[in-house]
2 protein chains.
Amino acid sequence: MTSEEAKKPTERSKADRDTIFIGKKPPMSYVLAVITQFSEGTNPVHVKARGRSISTAVDVAELIKNKFLKDVKASVGIATEVIEAERGKMNVSTIDITLSK
Amino acid sequence: MTSEEAKKPTERSKADRDTIFIGKKPPMSYVLAVITQFSEGTNPVHVKARGRSISTAVDVAELIKNKFLKDVKASVGIATEVIEAERGKMNVSTIDITLSK
């Protein structure tokens, strides 16, 4: 194993820790994941979602700000990603909520 | 009718024109409403939504930016509103996307 190969997994797992991807679980499981990241010293924490999960991402950010970590500020970016679907390329909206203390 | 009474409807309809509230129609009907507002000189135009409609609001903003009015910039705010539901007060997440040329 070269030193470059040895480095890659660490870099990837750091990016994973910085970002909580929102899926179809209940909002509170993502809230818990965000709180865990902050408690481990990660700052800022990104909450990212695509398509219909975008509204859950906003719910998670609002729960964090208003109930659990009241010193957290949110800044929001929106964008479009092109994904490969069965019927060809599709545009999907994305949100990236940066939560920082 | 006093002059104050005469003024109120105008003020209200101005605020209405500045803001497109996203509901359950297809995204393109809201895209058309935003384009109409810009063409009538409204700037910025706010795209607002609550709850599950938040992802449609992001779709509308992204369609405007990427397909229809490429000189438009979006800035995004999120918040929580308390609404009166049948079973008491409920928190609902909201989004306010400010589209400006």
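Guide: Start with α2(B) and α3(B), which are oblique to each other. This is a predicted model. The reason for the label is the angle: the two axes cross at roughly 55°, and angles of 65 to 115 degrees would be needed for roughly perpendicular, or under 35 for roughly parallel. The axes of α2(B), residues 27–39, and α3(B), residues 54–68, come within 9 Å. The crossing of α2(B) past α3(B) is right-handed.

Now the residues. On the α2(B) side, the contact uses P27(B), Y30(B), V31(B), V34(B) and I35(B). On the α3(B) side, T56(B), D59(B), V60(B), L63(B), I64(B) and F68(B) take part. Sorted by class, this contact of α2(B) with α3(B) holds 9 nonpolar residues, 1 polar and 1 charged.

Next, the strands of chain B. β1(B), residues 19–21, pairs with β2(B), residues 45–50. The sense is parallel, over 3 bridges. Within this part of the sheet, F21(B) lies opposite K48(B) of β2(B). Between the two strands the chain runs through α2(B). That β-α-β crossover is right-handed.

β2(B) has another partner. It pairs with β4(B), residues 88–100, in the antiparallel sense. This pairing has 6 bridges. Here A49(B) stands opposite I95(B) of β4(B). β2(B) is therefore paired in the parallel sense with β1(B) and in the antiparallel sense with β4(B), where a pair requires at least two bridges.

Turn to chain A. α2(A), residues 27–39, and α3(A), residues 54–68, have axes that come within 9 Å and cross at roughly 55°. α2(A) and α3(A) are therefore oblique to each other. Their crossing is right-handed. From α2(A), the residues P27(A), Y30(A), V31(A), V34(A) and I35(A) meet α3(A). From α3(A), they meet T56(A), D59(A), V60(A), L63(A), I64(A) and F68(A). The classes in this contact are 9 nonpolar, 1 polar and 1 charged.

Now bring the chains together. Chain B puts 15 residues into the contact, and chain A puts in 15. On the chain B side, α3, β3 (73–85) and β4 each supply at least two residues. α3(B) gives the most, with 7 residues. By class, the chain B side has 7 nonpolar, 5 polar and 3 charged residues.

The axes of α3(A) and α3(B) come within 7 Å. They cross at roughly 115°. That makes α3(A) roughly perpendicular to α3(B). The crossing of α3(A) and α3(B) is right-handed. α3(A) brings I54(A), S55(A) and V58(A) to the contact. α3(B) brings I54(B), S55(B) and V58(B). These residues comprise 4 nonpolar, 2 polar and no charged.

Technical notes. Residues are numbered from 1 along each chain as its sequence is written. Chains are lettered from A and ligands numbered from 1 in the order in which they are written. This is a predicted model: local features need pLDDT of at least 70, side-chain atom pairs count only at pLDDT 80 or more; totals for chains, interfaces and linings use all residues. Axes are lines fitted to C-alpha atoms, for helices over the stretch in contact, and angles run from 0 to 180 degrees between N-to-C directions. Helices (H or I, at least four residues) and strands (E, at least two) are DSSP runs, numbered from the N terminus. Angles under 35 degrees count as roughly parallel, over 145 as roughly antiparallel, 65 to 115 as roughly perpendicular and the rest as oblique. A crossing is left-handed if the near helix is turned anticlockwise from the far one by less than a right angle, and right-handed if clockwise. Two residues are in contact if their C-beta atoms, placed from the backbone, lie within 7 Å. Ala, Val, Leu, Ile, Met, Phe, Trp, Tyr, Cys and Pro count as nonpolar, Asp, Glu, Lys and Arg as charged, and the others, Gly among them, as polar. A crossover is right-handed if, with the strands pointing away from the viewer, the path from the first strand over the helix to the second runs clockwise.
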